[in-house]
Amino acid sequence: MKANINTDKLDQVVKRLCRVSEDNYINPFSHLEWPEELDRNNWFTSPELISIEGTPLWDTLDETQRKCLSFFEAVGFYSINIHGERMLIEGLASRLYRKDEYGITPYLHHFLDEENKHMIYFGRFCSLYANGPYPEKKIKFDQEYEDGEEDFLFFSKIMVFEEIVDLFNRKQGKDDRLHPLAKEINWLHHFEESRHLGFGREFVKVLWQSYSAKWTSESLKRIRDTISSYIEATWKEYYNPSVYRDAGLSDPFSIRKMALKHPKCIKRRTEISAPLIQFLSETGILPNTEELSI
Amino acid sequence: MSNIIRKKLHVFILENCESEISSISDNTPIFESGLLKSIQIMDLILFVEEISGKEVDVEGLKPGSFKDIDTIIKNFVETKN
């Protein structure tokens with residue numbers, strides 16, 4: 001049973017975001033131009049966001065190798081988005097028109113529509129210019145939940161995934177060094193995701209206030225551990241051995257291990273995660289953020 | 001070959017589990033007993049790929065495919081592809 005809390009702000013957010021989504025409707029099939037072939041002598045990921053940038057290995061690569069890696073990192077990034085958004089769409093669809101949905105269904109329709117469009121952009125890029133998206137290396141485990149826990153974890157995970165992704169999109173959507181198609185995909189994603197982020201934070205806050213006081217200390221610990229682990233696991237997906245292999249780098253599994261613990265890479269992850277961590281700390285969802293392993 | 005991989009799996013699980021144990025058997029449930037958390041499945045899959053030299057196709061797989069070391073060896077090492 002959820003607590004009675006004031007959802008006026010959430011109601012306003014839902015109304016405003018529905019209006020903005022309607023006013024900015026984009027046709028995903030005609031909005032972008034897809035050349036038959038891509039000139040690979042371009043950046044497809046901002047160099048500063050490439051997973052091994054700043055490591056000794058990065059220093060050994062010439063510009064052609066770096067640009068090649070930037071292409072496969074883009075395919076890896078788009079694959080992460082495809083798998084994350086598929087999970088999101090499945091979860092959102094199952095929450096439409098539920099009795100306890102807090103009046104969010106009108107916005108869930110836009111959310112679903114926009115996430116489907118993003119998957120079209122990302123999927124088309126991976127299919128046209130690479131061998132399709134990289135497969136997801138995850139399996140779903142069955143779990144029993146306390147009242148409200150499943151919804152809270154679902155929307156919290158979505159928030160974590162989207163906040164990290166959006167920082168990449170925001171930077172790359174403005175990066176003139178990128179191939180125009182890569183720049184535009186990132187910009188489009190950011191343009192619509194920024195609305196999802198506003199909704200995500202507000203709804204996670206409402207769910208936390210509704211249920212957290214009723215959860216046992218044991219459940220709270222489990223929920224907090226799950227979110228912390230999810231942040232760590234989300235970041236690990238950005239270090240994909242298949243990306244390194246396709247870019248022609250040898251010993252891709254060792255590269256992944258090296259980059260995950262390299263101080264420059266940890267610093268980048270920490271900086272990108274900072275606004276998210278601040279939100280989780282301020283809301284009380286993760287009170288001990290200094291213990292987080294990112 | 002399988003024995004080397006078996007040993008490497010033992011070491012990987014012991015290094016990555018939070019419990020303070022020094023050994024496990026080939027039949028100890030990996031996730032069910034809490035040795036590894038479900039969120040660590042990606043690390044385990046990538047490790048299996050690394051030591052077996054084969055890509056793991058996760059589509060259609062269930063957590064039971066990684067039940068214990070014996071099951072992993074049977075599913076992902078002693079298979080033809």
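Of the 81 residues of chain B, 17% count as buried. A residue is buried if 20 or more other C-beta atoms lie within 10 Å of its own, exposed if 12 or fewer, and partly exposed in between, with C-beta atoms placed from the backbone. The model is predicted, so local features need pLDDT of at least 70 and side-chain atom pairs count only at pLDDT 80 or more, while totals for chains, interfaces and linings use all residues. Residues are numbered from 1 along each chain as its sequence is written, and chains are lettered from A and ligands numbered from 1 in the order in which they are written.

Chain B has three helices and zero strands. Helices (H or I, at least four residues) and strands (E, at least two) are DSSP runs, numbered from the N terminus. The radius of gyration of chain B is 12 Å, close to the 12 Å that the globule rule gives for 81 residues, so chain B is as compact as a globular protein of that length. This radius is taken over C-alpha atoms, and the rule is 2.2 Å times the number of residues to the power 0.38. Along the principal axes, the C-alpha atoms of chain B fill a box of roughly 35 × 25 × 20 Å.

Helix 3 of chain B spans residues 69-77. Its buried residues are Ile69(B), Ile72(B) and Phe76(B). Seen down the helix axis, they fall within an arc of 60°, so they line one face of helix 3. The arc is that of the directions from the helix axis to the C-beta atoms. Helix 1 (2-16) and helix 2 (41-52) of chain B are among the elements that cover these buried residues.

Leu36(B) sits in the loop between helix 1 and helix 2 of chain B. Leaving aside neighbours within four places in sequence, the contacts of Leu36(B) include Ile13(B), Cys17(B), Phe31(B) and Leu44(B). Two residues are in contact if their C-beta atoms, placed from the backbone, lie within 7 Å.Chain A comes to 10 helices and zero strands. The radius of gyration of chain A is 20 Å, close to the 19 Å that the globule rule gives for 294 residues, so chain A is as compact as a globular protein of that length. Its C-alpha atoms fill a box of roughly 60 × 45 × 30 Å along the principal axes. Of the 294 residues, 41% count as buried. Among contacts in chain A between residues at least 6 apart in sequence, 80% join residues at least 24 apart.

Lys174(A) lies in the loop between helix 5 (149-172) and helix 6 (180-211) of chain A. Lys174(A) is partly exposed, with 13 other C-beta atoms within 10 Å. The C-alpha atoms of Lys174(A) and Ser46(A) are separated by 9.9 Å, although the two are 128 residues apart along the chain.

The largest nonpolar core holds 67 residues. Such a core is a set of buried Ala, Val, Leu, Ile, Met, Phe, Trp, Tyr and Cys residues joined through C-beta atoms within 7 Å. Among the members that touch the most others are Ala74(A), Phe122(A) and Leu207(A). Apart from this core lies another, of 13 residues, including Ile139(A), Ile41(B), Ile45(B) and Val48(B). In soluble globular proteins, nonpolar side chains tend to be buried together.

Between the chains, 12 residues of chain A are in contact with 14 residues of chain B. Helix 7 (residues 217-236) gives the most to the chain A side, with four residues. That side divides into seven nonpolar, one polar and four charged residues. Ala, Val, Leu, Ile, Met, Phe, Trp, Tyr, Cys and Pro count as nonpolar, Asp, Glu, Lys and Arg as charged, and the others, Gly among them, as polar.
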